[in-house]
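Dear colleague,

Please find below the structure that I am handing over to you. My findings are set out after it.

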Amino acid sequence: MFAFLLKRLLAIIPTLLVVATLVFVLVRVVPGGPFDSERAVPAEVVAQLNAKYDLDAPVHRQYFRWLGELVTTGDLGPTFKYPNRTVNEIIAVSLPVSMQLGVLATILAVLIGVPLGVIGAVKQNTWADTLAMATAMLGVSVPRFVLAPIFVLIFSLNLYWLPVARWDSWRHMVLPVLCSALPMAAYIARLARGGMLEVIRSDFVRMARAKGLSERRVIIKHALKGGMLPVVSYLGPGFSSTLVGSIVIEKYFNIPGMGRYFVEAALNRDYNLVMGVTLVYGFVLMFFNAIVDVAYSLLDPRVELR
Amino acid sequence: MSASSVPSAAASVPRAPLPPTVPVPAAPASPAEEGSSLWRDAWRRLKKNRAAVVSGFILIALVLACILQPELSHWRYDQAELQVGATPPSADHWMGTDYFGRDLMARTFFGGRISFAVGIIATFVSFVIGVSWGGIAGYAGGRLDALMMRFVDVLFTFPFLIFVILLMVFFANDQTFLYRAYTSVLSVFVAHPKDPRYFPVFQIIVVFAALGSISWLTMARIVRGQVIALRSQPFVEAARSIGVGPAGLVFRHIVPNALGPIIVYTTLTVPSVMLTEAFLSFLGLGTQEPLSSWGLLAASGAESMDLYPWTLVFPAVFLALTLFCFNFLGDGLRDALDPKARKD
């Protein structure tokens, strides 16, 4: 199993290299440079800035120098718009915030989605099922940036329970995590219901019932493990979409996470920062996918690791 | 769609030259066909699903409203009256006006056109790429199949939305070769293709292409699975024996018989694409002012929601209602077309 995990993790490296190369070429091919501005900057100044940041060299030489730095020292280079900070420093500060938001939202989504889905399946075709699934459908259909202002309006501006922005204490985290989690929770509820429905009719569950186990025990001890397989396989892509979707949440709640830098850096043509953030996002997403695949195989004895 | 596939499915069943050991009842054709085809069955099941039927009607009504309302209303979506400013719903402006005094109803229904167009065109792009890719991989099999699907696997691990954001930032401006291509096509139709009025349309076309080009992966997997399941069926053998080429086999005979799952997935792609367009618009990378889309309207409404709640409520409700209906319709179609995945 560890060999499989190792293999999956090693497979990330070539993909990341492709991502890095693509983005490196992409940011340099498109028009506009990091030192364009509304004010007319003297040509000598721009030339000096380009020389300082090594942007006057041929692209392939820039690429290999950048890659060499990254591989040997882990250095992603200086940023162009925040002259006193390196890309590494910015990521070191903002990545933990984004990860907190993403992981907390994923956990909350599982905690909300799985019970909803199980209730829907166990009470199939009753009002509880209809209600749970209608809620889930609503959750899939309302974008995060619509949820956020509605929650802020209710819980912050009318009830004064929670702050409207920033990321300082748990009170600041409640609304952003909830808004990030709900769409994913809704999706999980639908998957959990489908998975449970399939398992509930299978022979081993009928067997467990025939032994005289209580319905509760049948569901929790026997059916749940198999019924959760679709949910587990969705956790990887779900975490990705929550993390990326949280760019909107970070923007709305003014959270100092990585997503904010990402769009801003792309608009500013801050080459190194775009590269750094893209690579970190890519790595986190692929790493999580690999872990989820291994977890899946542990849960489902029918899957063989190759 | 259904009409083209029914004959090929039916043609595979009766073999005329068989000796009459199994007497086929020579009943009149029409009652025998009643309820016999997959499509008729599916249609009957779909009609029983009340949520799906209602969703379908709501969607039709919404599309009609988006087509007609901007033509009938005497307010235009970009007609600003700054001295009016934001006003709540009234007899004059049924949905109120926005910060610039523009009629929100006109903007909402005009935005609906763009939202629907993005959803449908981007889905069509993903449909074309996905069906061709999956169809070719599934039919070819062997090394080509392995290569093509490995490519899909690798793309699946890409952080795609990240790429779309980069593409939108980098390509949706007026200095790229894409824009030059666009203006040269445009010059066929209009006198001044570089007129800034045509620029927002260019950006929307980039949105179509970007969203379409990332949504085809799952479609390719679904189609490949279907093609592999169908390619050695007798009716395909029959078509091959009368000299139909590989392209004809895949796209004329196999794909039409795999339409069920394809239609279901297509229906579910539309809302997800519309949602992604809204996401991009919220970040300022999708549809641009003075045009409107539900995502863009909801995003700007979200900013001033504490002062002018109606600017968020109307576009958000239309967006959510549309996504809701597409999802219900997709679920209903899956239940109707895919008896194995059916609830009961």
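This is a predicted model: local features need pLDDT of at least 70, side-chain atom pairs count only at pLDDT 80 or more; totals for chains, interfaces and linings use all residues.

Residues are numbered from 1 along each chain as its sequence is written, and chains are lettered from A and ligands numbered from 1 in the order in which they are written.

Chain B contains 15 helices and zero strands; helices (H or I, at least four residues) and strands (E, at least two) are DSSP runs, numbered from the N terminus. Chain B has 344 residues, of which 42% count as buried, that is, with 20 or more other C-beta atoms within 10 Å of their own, the C-beta atoms being placed from the backbone. Of the contacts in chain B between residues at least 6 apart in sequence, 71% join residues at least 24 apart. Two residues are in contact if their C-beta atoms, placed from the backbone, lie within 7 Å.

Where the chains meet, 31 residues come from chain A and 29 residues from chain B. On the side of chain A that touches chain B, at least two residues each are supplied by α1 (2-29), α5 (127-141), α6 (144-158), α10 (229-252), α11 (258-268) and α12 (271-299) of chain A. The most comes from α12(A), with six residues. By class, this side of chain A has 24 nonpolar, seven polar and no charged residues. Here Ala, Val, Leu, Ile, Met, Phe, Trp, Tyr, Cys and Pro count as nonpolar, Asp, Glu, Lys and Arg as charged, and the others, Gly among them, as polar.

Within chain A, α1(A) and α12(A) pack at an angle of about 155°, with their axes 9 Å apart. Axes are lines fitted to C-alpha atoms, for helices over the stretch in contact, and angles run from 0 to 180 degrees between N-to-C directions. The two helices are therefore roughly antiparallel (an angle over 145 degrees). Residues of α1(A) in this contact include Phe4(A), Arg8(A) and Phe24(A), and those of α12(A) include Tyr271(A), Phe283(A) and Asp293(A). The contact of α1(A) with α12(A) divides into 19 nonpolar, three polar and two charged residues.

Helices α8 (residues 203-210) and α9 (residues 215-227) of chain A pack at an angle of about 150°, with their axes 10 Å apart. Phe204(A), Val205(A), Ala208(A) and Arg209(A) of α8(A) make this contact with Val218(A), His222(A) and Ala223(A) of α9(A).

Yours sincerely

Conventions: A residue is buried if 20 or more other C-beta atoms lie within 10 Å of its own, exposed if 12 or fewer, and partly exposed in between; C-beta atoms are placed from the backbone. Angles under 35 degrees count as roughly parallel, over 145 as roughly antiparallel, 65 to 115 as roughly perpendicular and the rest as oblique.
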